[in-house]
Every structure is written in structure tokens, then in C-alpha cells.
Amino acid sequence: MGPFVTNAWYVAGWGTEVASGPLARTICGDPIVFFRGESGSLAALADRCVHRRYPLSLGLVKGDTIECGYHGFTYDCSGMCVSVPGQSKFPSTARVKSYPVVEQGPWIWVWIGDPDKASSTEVPKHPWLYDVGWRWIGNHASINCRSGLLVDNLMDLSHESYLHAGYIGTPEVAQTPIDSSIDDKAGIVRVNRHMHNVECPPFYSKSSGISGRIDRWQDIEYRPPCLYVLHSRIAPTGVLPNSDGSDPDAIHMKILYGVTPETENSTWNFYAVARDFSLSDDWVSEFLTEMQDAVVKQDVDALNVLEKVIASESGQVQELSIKIDTGGLVARNVLKKMRER
Amino acid sequence: MGPFVTNAWYVAGWGTEVASGPLARTICGDPIVFFRGESGSLAALADRCVHRRYPLSLGLVKGDTIECGYHGFTYDCSGMCVSVPGQSKFPSTARVKSYPVVEQGPWIWVWIGDPDKASSTEVPKHPWLYDVGWRWIGNHASINCRSGLLVDNLMDLSHESYLHAGYIGTPEVAQTPIDSSIDDKAGIVRVNRHMHNVECPPFYSKSSGISGRIDRWQDIEYRPPCLYVLHSRIAPTGVLPNSDGSDPDAIHMKILYGVTPETENSTWNFYAVARDFSLSDDWVSEFLTEMQDAVVKQDVDALNVLEKVIASESGQVQELSIKIDTGGLVARNVLKKMRER
Amino acid sequence: MGPFVTNAWYVAGWGTEVASGPLARTICGDPIVFFRGESGSLAALADRCVHRRYPLSLGLVKGDTIECGYHGFTYDCSGMCVSVPGQSKFPSTARVKSYPVVEQGPWIWVWIGDPDKASSTEVPKHPWLYDVGWRWIGNHASINCRSGLLVDNLMDLSHESYLHAGYIGTPEVAQTPIDSSIDDKAGIVRVNRHMHNVECPPFYSKSSGISGRIDRWQDIEYRPPCLYVLHSRIAPTGVLPNSDGSDPDAIHMKILYGVTPETENSTWNFYAVARDFSLSDDWVSEFLTEMQDAVVKQDVDALNVLEKVIASESGQVQELSIKIDTGGLVARNVLKKMRER
């Protein structure tokens, strides 16, 4: 069992990150250079020149190729070396690994594993970042923790009441029971928490203008290993969706996380918050950005600490799990099976 | 033989350090949270929540309990979990280790080892920090060295002549022979150096107003593993204590060190300087604070360097011991026996 | 096979570095203190007091001795302990290792290996730093890389075209073929690149005033393990040296590097640039200093990155060598044989 789930798509970055030059990013332990050629094509190559192992990401994009910044070996988007200094012939073994890469909305996805298996496996959809009717904000953070600790964190939102009090947490989150389930066919772990007649935290009240008591639904869909979506529904107490699925008196947010292992002990957290209201209000985007960045920072700080704790403990870590952990335990189990495959 | 002397009291901190919230401090490798409940009670618990190992020291004190800052597990002063989120029943195994803890004067002492053996073993007395007739200043420092290097440092004060020249050191310290002895019954290592007709360093001359040549006595009492007291007597040359023990023409200082291992390679140094003169002169306290902090910093800098040297040398470290090392070698031997017990 | 070439002279520093007190410098893994006594004599001793291992470099030079800053043990230039605190007799084993040391021009050279073999082996000459007719500038840098990576860098100047473009590199450097050879008797590896009718980079054009196309000769002489000299000749296109060896219409620079391992994964780079023109022009010295420091910084940054890459790769590092690497591969082979001896 390796440390990472392979043969899977991972969020690797934002399209905007390759606008002005190559991007070095380690994904699942692999150092990768992402770059956009002048024709607009996107490439993901092993970030090591075949000559002397210098990172290609420190070089220059020229046309649809990348030139090593040390001695000038040049590679096309498929990883084939097309030029070396001082001689015109060189072995065809002069090539670096290339990774399947896809852009979908603002996110760059990379395939880690056997490239031949990539084509038949779809990149998970996340339409709220590219469909009309939605507006999103997003950012990313690096966490010095194993990816499992971030998954634990996201699957058990009872921590909102403590770690995120005053932002997205109220006491009712921790107090309200959850339902959790696994859809083996779709490969989705679900955790649902429907709170009735509860306090509305600032994240939702200020952004939407809703005042007074609310019904607050948290419906988690986690598609291991990478994509986590929290479907958040906020409505005045007692207001339900219509029987046709329409839900005009509620507001909806989709809180997305791309959980991408960097190394065994560090993780990229690509996050976005999409909303279906106040689409033209810039101040709402600014407010949500500020709030979400602060909430993520609280998680990052906590998980950085927790990784040090876990890493310092030899042998099996002693934990005590309770009902709120059901979703997290299911996710752990799915990830374990995926790593064993 | 473990790395630490156990079944012993260690200085863990100052009472003032738990005034505004929990204090995280690692003692002998154990992460411990110290907190004062609203009733004034003091508790020392293992600093790891039973749930997901999050440090309790990052949580909040509520009444006489502490609430985990991640998911809200709550513990009383005995370490018993008294509340978890979302459910009213939970296993009685939900408890964390508690440590015997005692306050004596300004210092918090913690017992490392078998709690049942704590009650019968007295916390070492250090009346100069809480009896009338004395006034003290104090502080603490963290040193990136094994505790043995600090003990070596304190037992051989010849280093004052070199490392602390201009503060507490004069050439005569290193030149004057020592007597060292061990009181096995009381568990005390003693090193005595009585200097006659010597120069008075600024630490003593400025604080006391004594000018001219002095007799300077350094009587070390080290009670392994933690408490070190230097009884310092400064008198005009030739002036001896009276036969009844009174000593009105001399001044006395007690320089105390709590030597507390943090990890195998780092050490807490809790230090205090008590005096029996100029009790109402604030400027003397300020002067001694400034001087003692500077002297300790000189030691910290030297020991940080020395730890790196020792750690970099594989195998047995080659040393050459001479007469001035007698006290230090006795102390090393006592500590070795205590670790083996 | 040890990690370092021993029984060899290494550049250890500049004479100016011991002007105001002892200098601590690790050479080939050995911590060494260099100091100049009041009589002007230069000494190199193991930087560890025999007493408690404190670095002597933190002590004081007194006369022609050095006094330990912790407890005052004092050593003469041969490493013999001549004084300890508090006693007049002490064992003759109280001595530290001394290293053969030589000053030649501005450089201090130290002998690493068997001291008895030092006398019969000459320090490599580098007259451009001490003979009339030349003026030099120089400095040093610490690189967090194994010394072999710096040797690779210097032996393959094709990297000038990429890493140092705009300073000393033009496209023609990488495009021009090299000749490489080894002079086993003299112990010198040579790499020659003679460029005809090429662009003159700013390093040479601004300092010399030469404008237009040039002939540019790069003649490397590497005398393993430490001394690297690049003989650089710049002349107007078509101008050759006279048959008697005089070369009045060309300018000459000698770019010297002392490649000195600090540890297995860090290296001292002592560099100098000597010229035979504009000897009285301070601005030329200032310009060359600025340029050379910038060029070295580019190398240091690149090599710091490369060391992390190499260190992170387990097993044999996969490289692909081409014609430009011939000189570097010869140098690697010579160094390997020297380490095996």
C-alpha cells in the first residue's frame, strides 16, 4: 500500500497560476512543472531535466516548449527533448515524463498514476465554478499535514462550533446529529446534517441579509480522493424547497475543496465558495473571501499543530471515536481501500 | 535507563504563567497543559485530547474544566472527560492522564513518574522565594541542550571568569580551589569555594554598595534532579559570621535554578535571585534582573553551541576533566544512578 | 572511499579574515579555528577544547595563544595546552590537533590529511593574485551543495549561455564545441573552448572598452581537488598572440575558484578575478566585483536547488551526459580516484 491514492485526478492549481510562466508544484510526491505554451496548450512534465536534474520550472517557456535554465535542454509539451546545446543529434531517451492534464473551469487537474487509464476516467464535475447562475471566490493554502487530517477535518463539521466560532460555527452544529452513508457505485461518501430553527452565523447572515432563526442544511458529498463539496442551504425557519425542486426562498452555497497530497506530510487545499445569490454584488465576494480565508487559516493552523502531534507519536495513535466521526471513518476506509488497489 | 530522572518533582513554571489561560509546556518529554480553574485550583493534564489528539492547551478554560478547541471534548481537573459534542453518553475510558502539581511560592512544581509515589515525597523547599526578609527577581529561559550540560555549567563556576567576565566573574573564581562533597542521606551535592581578599564584580558591588576587596563565598547545594541553590556571601575582607550564625556585616544572595528537562535535547532554566538587603530598593531588583538575564543569556548561547557540538560527535565524547570538575562529575554520577533506578 | 579527497591543500579563507580575531571554519568536515597570534604567526587548530568540547573559536587570542571562552584552557599555535584554570600541572595529553597552514597571496591554505605528507607537497601556485602586472578582486560564498556539483558547474561553461545570460553568457558559448584533456603528470584537467567572431558580453566589454565582435578563448585548468583557473582571453576578431607569446592587443583575465568542501553537502567557494589591464582603474575593480558577485550568486542559487533535488532522490541519480560534459566527467573520475587513494 503506497502512501497516495493513484490512478486519480487531482486539483493541481488554478489556470491563472500559469499565466506568467512555469509553475512548480509537487503532487503526490512527484515534482511537476506546469506551463502554458504560447499557443495556449497546457503541459505537465516531470520537473527534472534529463541532463543534470535541474528543475525545468526554473527555465523559460519558448513557444510551446520549455528550456532548462541551467544548460538549455529544451522539451516540448509531450516531454520530448527537442534541443540540446552544442550538438544536433542526441538519444531518443532524452525525454521526461508527461502527465495527463485537464482544465475545467478555473482549476487545473492532473492525473497521477498510469496515463493509459486517464482517458477513460472522467474529471469530477464541479459546475458551480463554471456554470451560469453561480459566482465564486477561491484561493489555496498549503498545510503541513498528511491529507487524511484534512479529510477528517472536512467530514466532521462539528468542529465549526469550536474552531470556527464567530465565523461559520454556532453551538447547534456540534449538537445536531448527522446521517452518513456511502454510495459505492458513484464513489461518494455523504454526511448530512439538517439543523432546524437555529442561529445564523455571520458568514451566511451578512452575505445574504437573512436575519432571524434559520433552517440550515449541510449536505456533504466527498468524492475520494480529491473533491469535497459541501452543499449548504440556508432558509428562514420552516421554509422547505418546492416539490419540483425549486427553492426560491432559500440561498445556496457550494463550498468546494480540492484535497491534494503534496507529500506524505503536506497537503494542498484548493478551496472555493460558490453562491446563487447577489451575483452582481462585489462586496459579497469580498466578504466571503475574507471570511473563507480566515476560516481556512484556522484549519491550517490547527492541522499544522496536529501533524506535529501525530508525527511525534510512535506506533498506533490512540483515538476515541464517537458518533460525529461516522462520516470521517467511512472516508478513511474508502481511502484505505483505494490506496490498496 | 531512560533519558530522564523520574519519580521526582520538577519546576514547571511560574504561577503567573497560568493567569490568563492554559499553559502548554513539555516536561521530561511529556506534553502537559497547566491551567487554573475559576475556583483557583491548579491542574496539570496530558496535553492531548482523547478524541483526535488535539492539544488541550489550545482550548478554553470554562469553570474548573478545559474544553478542547477542535471538537469541544471537555475535561475536569482530574482529567476525566465530562462532555462530548452531540451525545450524552460516552465511555469512561474518555480521560487523560493527570499529573500531581503543587504551588510553592512563585513556582509551579509537577511530579514526573508514578503519581502514587508523589504524596510521600516532599517538594524541595526554597524559602528565599516566599519567606519574609528576602526579595527576589526571576525569569526563565529555554536552552537547546540536554539538561546535563546545564548541570555541568552550574556545578563548575570557574567558567564565571571567562564566560561572565565583567558581570559576575573575576580571575580569582577560576584560580580558587573548591571542596566538593555529597550528602547521600539528604540527597545533596555540595561544592564550596571561599575566596579571600578578592575583587568584587559589578553584580555584587553595584547592588550592595560594597566597595574595595571582599571575601566571597560560593556554597552550592544541588538537590538532583531539579533544584540548584548557590548560597553567595559577600563581606568586607576578613569579616566572618558571628558564632551564633548571625552575619550582619555581610550581604547574602541565593541564586536558584530549576533545571527541568524539556526533551532529551532541550532544557528549561527557571532562575531566581533572592537577596537579604536593600529590600525596598526597586532599582536593585531592576539592576539584578538586567544582570542575571544577561548572565543567563551568555550561558544559553554557550550551551546552545555546545549541544550542537556534542550532538555532532558520534560515539563517546572525548573530555579531559581536571580538579574544577569534581563537583560536576559527582552530580553526573548521582543523576546516572537516579536514572537507573 | 571517504567523502573527501585527503592529503591535499585547500583554500580555507582570506588572510583578512583572521585580522580581528579567530575564525571558525569547517573544512572537509573538520571544525577548525584559524587565528593569527600577536607575533603574526598563523595557526590552524581543531576547534574543540579538550576539556568540554567548547569551540576555541569563541575564545580570545592572547599573545600567540588562544584561550577557551568557557573555562580558560589555553593553547599555543602547535595545539599544546599551556594553561588550565586552578592548577599548574596537567597531563600532556591536553593538546588539540594542529593543521599545516600556509599563506600564499591573499589566501590561507590548509592541509587536510596526514601532516607528515604536507611538507613535500607544494601549495598550488596562483601568481595572478600576488605577482606584479595583475590586479584582482575576490570574495567567497557558501553553497549548500556537495562540492562535486560546483566542479560540474565550473567544468561545463555552456551554462553561461543560460544561467548567466546578460552577464558573461552569450548563445555562442553553448554552441561552440570544446576540447578536453587530462595531464596525468601535472595532475591537471583541461577544457578549451575557442570562440571566433562572437558577441562580447558586458563583463568583458564594459571592463575593457572592447567593442564589436571578438575572439573569446576559455582555457580551463583544474588542479583537483581545489584549484580551478579559467584563463580568459578576449581579442578583436582575428587577432592572435605573437609567435613569442606576447599578446598586446588582447586582454586577459584569470578567474580563480578555490573549491573547498565544508561538509559532505556544503561547499566553500573562494573566488577571484585577476586582470592584466586597467590596473589603476578602481571603477573596473568595482564593476568586476559587482558582476562576479552576481554571477556567483546565480550559481549559488542554482546549486542550492540542485543539491535538494539530488539529496531527495534515492539510489543512483539518472543523468544523461552529452559532449559538453566531457570535461566534467573527466574531473569526476579524477576526484573519484583521489578519494579512493
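The text below treats confidence, symmetry, chain contacts, domains, a helix and backbone geometry in turn.

**Model and confidence**

This is a predicted model, in which local features need pLDDT of at least 70 and side-chain atom pairs count only at pLDDT 80 or more, while totals for chains, interfaces and linings use all residues. Residues are numbered from 1 along each chain as its sequence is written, and chains are lettered from A and ligands numbered from 1 in the order in which they are written. The predictor assigns the complex an ipTM of 0.94 and a pTM of 0.95.

**Relation of the chains**

Two copies of a chain are related by a rotation about an axis and a shift along it. Superposition here is by least squares on the C-alpha atoms of residues with pLDDT of at least 70 in both copies. For chain B on chain C, the turn is 120°, the shift along the axis 0.0 Å and the RMSD 0.0 Å.

**Contacts between chains**

Two residues are in contact if their C-beta atoms, placed from the backbone, lie within 7 Å. By this criterion, 19 residues of chain A meet 20 residues of chain C. The side of chain A that touches chain C has 9 nonpolar, 7 polar and 3 charged residues. In this classification Ala, Val, Leu, Ile, Met, Phe, Trp, Tyr, Cys and Pro count as nonpolar, Asp, Glu, Lys and Arg as charged, and the others, Gly among them, as polar.

The contact between chains B and C takes 20 residues from chain B and 19 residues from chain C. On the side of chain B, two or more residues come from each of α2, α3 (171-175) and α5; helices (H or I, at least four residues) and strands (E, at least two) are DSSP runs, numbered from the N terminus. The largest share of this side, 5 residues, belongs to α5(B). By class, the side of chain B that touches chain C holds 13 nonpolar, 4 polar and 3 charged residues.

**Domains of chain A**

Chain A is divided into domain 1 (8-117) and domain 2 (127-340), with bounds from an automatic or database domain assignment. The C-alpha centres of the two domains lie 33 Å apart. Their contact takes 13 residues from domain 1 and 11 residues from domain 2. On the side of domain 1 that touches domain 2, β1 (8-14) and β2 (23-27) each supply at least two residues, and β1(A) gives the most, with 5 residues. This side of domain 1 divides into 9 nonpolar, 4 polar and no charged residues.

Why does the span of helix α5 (residues 282-312) of chain B agree with expectation? At 1.5 Å a residue its 31 residues should span 45 Å, and its end C-alpha atoms are 45 Å apart; the expected span is 1.5 Å times one less than the number of residues. Helix α5 of chain C also has 31 residues and reaches 45 Å from its first C-alpha to its last.

A residue is buried if 20 or more other C-beta atoms lie within 10 Å of its own, exposed if 12 or fewer, and partly exposed in between, with C-beta atoms placed from the backbone. Buried residues of α5(B) include L288(B), M291(B), V295(B), Q298(B) and D299(B). They pack against β11 (135-143), α1 (147-155), α2 (160-163), α4 (202-208) and β17 (266-275) of chain B. Among the buried residues of α5(C) are L288(C), M291(C), V295(C) and D299(C). An α-helix has 3.6 residues a turn, so residues three or four places apart point the same way.

**Backbone features**

| Feature | Residues | Angle |
|---|---|---|
| cis peptide bond | P224(B) to P225(B) | omega near 5° |
| cis peptide bond | P224(C) to P225(C) | omega near 5° |
| positive phi, not a glycine | N197(A) | phi about 60° |
| positive phi, not a glycine | S278(C) | phi about 50° |

P225(B) sits in the loop between β14 (214-223) and β15 (227-236) of chain B. N197(A) belongs to strand β13 (residues 188-198) of chain A and is partly exposed, with 13 other C-beta atoms within 10 Å. S278(C) is placed in the loop between β17 and α5 of chain C; because it has 17 C-beta neighbours inside 10 Å, S278(C) counts as partly exposed.
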